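Here are my notes for a reader coming to this structure for the first time. Please read them alongside the sequence and the model.

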Amino acid sequence: MTDDKAASTAPVYTGPRWFFPSALIHELDHDASRSGRRPRRTARDWVVDFSCFFLAVLIGLLGAEALRDSTGLPHAVAVLDQVFGALSCAAVWLRRRRPFGLAAAMVPVGFLSETSGGVAIIALFTLAVHRPFRYVAWVAGAQLALTPLYFWWRPDPDLPYAAAVVLLVVLTVATVGWGMFVRSKRQLMVSLRDRARRAETEARLRAEQAQRLAREAIAREMHDVLAHRLTLLSVHAGALEFRPDAPRDEIARAAGVIRESAHEALQDLREIIGVLRAGDSEDAGRPQPTLAALDTLVAESRQAGMKVTLDQRVTSAASVPASVGRTAYRIVQEALTNARKHAPGAEVRVAVAGGPGEDLTVRVRNPPPEGDVPPVPGAGQGLIGLRERATLAGGSLEHGRTREGGFEVRARLPWR
C-alpha cells in the first residue's frame, strides 16, 4: 500500500465543525482538500465575519466623526473619503476569498480614506492568517512606509506627530504578529493530524504484515503434517497396487489407514485454505510441537529463571488433534515469551483444560511487574499472530489487563 492510497483511506474530520474555522477543517478533511472545492463557512466563521464587519463600520463612523470636526478639509474630499470607507466595509466579506487582493488594495485606499483604516487592519490580519509571510511582508512594509506620509498629510489633532506614527506602527506590527501566531497554531494542528494519520497507516501496515507472517508460518507447519499423511497414502496405495493378491486382512488394514489419513489430510486442508502464501519451505521436516510438549516448554522456562506453574486438566490428552495441540502450544509459548519480556520475575500461571467434544481452554496470567520495565519495540505483533492462529483453528483468543494490573491471555479452541 502506497502512502497516497493510505492517505486516501484515512478518516475525514468528524469533530464539531461549527466551532472551528472552515479553512482549518478544509485542511484536516482530506477528501475536501483533494476535491478542490471551496470551504463553506461554519457558524464560527459567520460570527467572526459579522464581528469584523461591525468593527470596520464602527471605526469608519469614528473616522467620519473626526472628518466632520476637522477644519480646512473640503466637503468633496470628506464625502469621497466616506464613500471609500463604505465600499471598504462591504469588501470585508471578501477577505476569506481574496485575502492578498483585499490587503493590497487597502494600502492605497487606507492612505486616501481615513474611514477605511479599520478595514486595512482587518485585511492585514486576514492576510497574515491565510498566506505565507512573504505576502504579509510586502503589504505590511508598504503600510509602514506610508505611515509617516499619512500623518504628515493628515495630522492627528489629539496626538503629536511622532506619537501617532509610533502608535500606528505598533498596531501594524501587533496585527501581523497576531495573525502569524494564529496561522502557526493552525499549521501545528494540521501537522499533528498528518502525523496521527501516518501513525495509523503504519500501525495498520504492521498489523497486516504480522498477519501475513503468521499465516505463512502456519502454512509451513501444516506442510509437514500434510506431507507425512500424503506419504502414508502413497505407500499404502502402492502396496495395494503391487500386491493385489495380498491377504484380505492386510488389504482391509491398508484401506483403513488410507481412509483415516485422507480424512485427516482433508481436515488440515480445510484449516489452511486461504492461508497458504507464496514462500519457501526451508524448515520442512522439523518436528511439530503438540500439547504433550507443554511440560518440556514449562521446564525450559523454569530453567531460564522464570516462575511458572502449570495446571493441566486435559482428559484423554493423547487424542487431542494435532492442529489444536500445536495451536495451544504456540499460544502458551508466546504468552510465556511476553511475560518474560514485559513482567520479568513475575510468577506466571498456565492453565489448560478440556476434553473430547468440549472446547480446549488455555489461560496464561501474570501479575504486574515489580518496578519499571522499559518498553519493548514492536510489542503486540505476537498477539496479532496468536489471534490469527486461533481464528484459523476455529476458536478465539482474547487478551488484556487484569484488575490487579497484570496481563492475561485467554484462548478457546474447538476439540471435536
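What share of the contacts in the protein chain with a separation of 6 or more comes from residues 24 or more positions apart? The points below start there.

1. The model is a predicted one. In the protein chain, 69% of the contacts with a separation of 6 or more are between residues 24 or more positions apart. The chain holds 13 helices and 5 strands. It has 416 residues, and 35% of them count as buried. Its accessible surface is about 24,600 Å², with 60% of that belonging to carbon and sulfur atoms.

2. On the cores: the largest nonpolar core contains 31 residues. Leu291, Val332, Leu336, Val350, Val352, Leu360 and Val362 have the most contacts inside this core. Two or more residues each come from helices H11 (294–303), H12 (322–342) and H13 (381–392), and from strands S1 (307–314), S2 (347–354), S3 (359–366) and S5 (407–414). The most is given by H12, with 8 residues. As background, nonpolar side chains in soluble globular proteins tend to be buried together.

3. Leaving aside residues up to four places away in sequence, Leu336 touches Leu297, Ser301, Met306, Val308, Val348 and Val350. Of these partners, Val350 is also listed among the residues with the most contacts inside the largest core.

4. Helix H7 covers residues 117–130, 14 residues in total. From first C-alpha to last it reaches 20 Å, close to the 20 Å expected at 1.5 Å a residue. Is H7 largely enclosed by the rest of the structure, or largely open, and why? H7 is largely enclosed, because 12 of its 14 residues are buried. Among them are Gly118, Val119, Ala120, Thr126 and His130.

5. Helix H8 spans residues 133–153 and has 21 residues. The distance from its first C-alpha to its last is 30 Å, close to the 30 Å expected at 1.5 Å a residue. Even so, H8 has a kink of about 35° at Thr147, shortly before the proline Pro148. Its buried residues are Val136, Val139, Ala140, Gln143, Thr147, Tyr150 and Phe151. That spacing can be read against a general point: an α-helix has 3.6 residues a turn, so residues three or four places apart point the same way.

6. Asp81 sits in helix H5 (residues 75–91). Is Asp81 buried or exposed? Asp81 counts as buried because its relative accessibility is 2%, and the cut-off for buried is under 20%. Its contacts, not counting residues up to four places away in sequence, are Leu67, Leu112, Ser113, Glu114, Thr115 and Arg154.

7. On cysteines: the structure holds 0 disulfides. Cys52 counts as buried because its relative accessibility is 13%. Cys89 is also buried, at 6% relative accessibility.

8. Gly371 lies in the loop between S3 and H13. With a relative accessible area of 51%, Gly371 is exposed, the cut-off for exposed being over 50%. Its C-alpha atom is separated by 9.7 Å from that of Pro344, which is 27 residues apart from Gly371 along the chain.

Definitions and conventions:
Residues are numbered from 1 along each chain as its sequence is written. This is a predicted model: local features need pLDDT of at least 70, side-chain atom pairs count only at pLDDT 80 or more; totals for chains, interfaces and linings use all residues. Side-chain values use heavy atoms; hydrogens and water are left out. Helices (H or I, at least four residues) and strands (E, at least two) are DSSP runs, numbered from the N terminus. The expected span of a helix is 1.5 Å times one less than its number of residues. The bend at a residue is the angle between axes fitted to the seven residues ending there and the seven starting there. Buried means under 20% relative accessible area, exposed over 50%, partly exposed in between (1.4 Å probe, protein chains only). A disulfide is a pair of cysteine sulfur atoms within 2.5 Å. A nonpolar core is a set of buried Ala, Val, Leu, Ile, Met, Phe, Trp, Tyr and Cys residues joined through side-chain atoms within 4.5 Å. Contact means heavy atoms within 4.5 Å. Accessible areas come from the Shrake-Rupley method with a 1.4 Å probe; for residues, only the protein chains shown count as cover.
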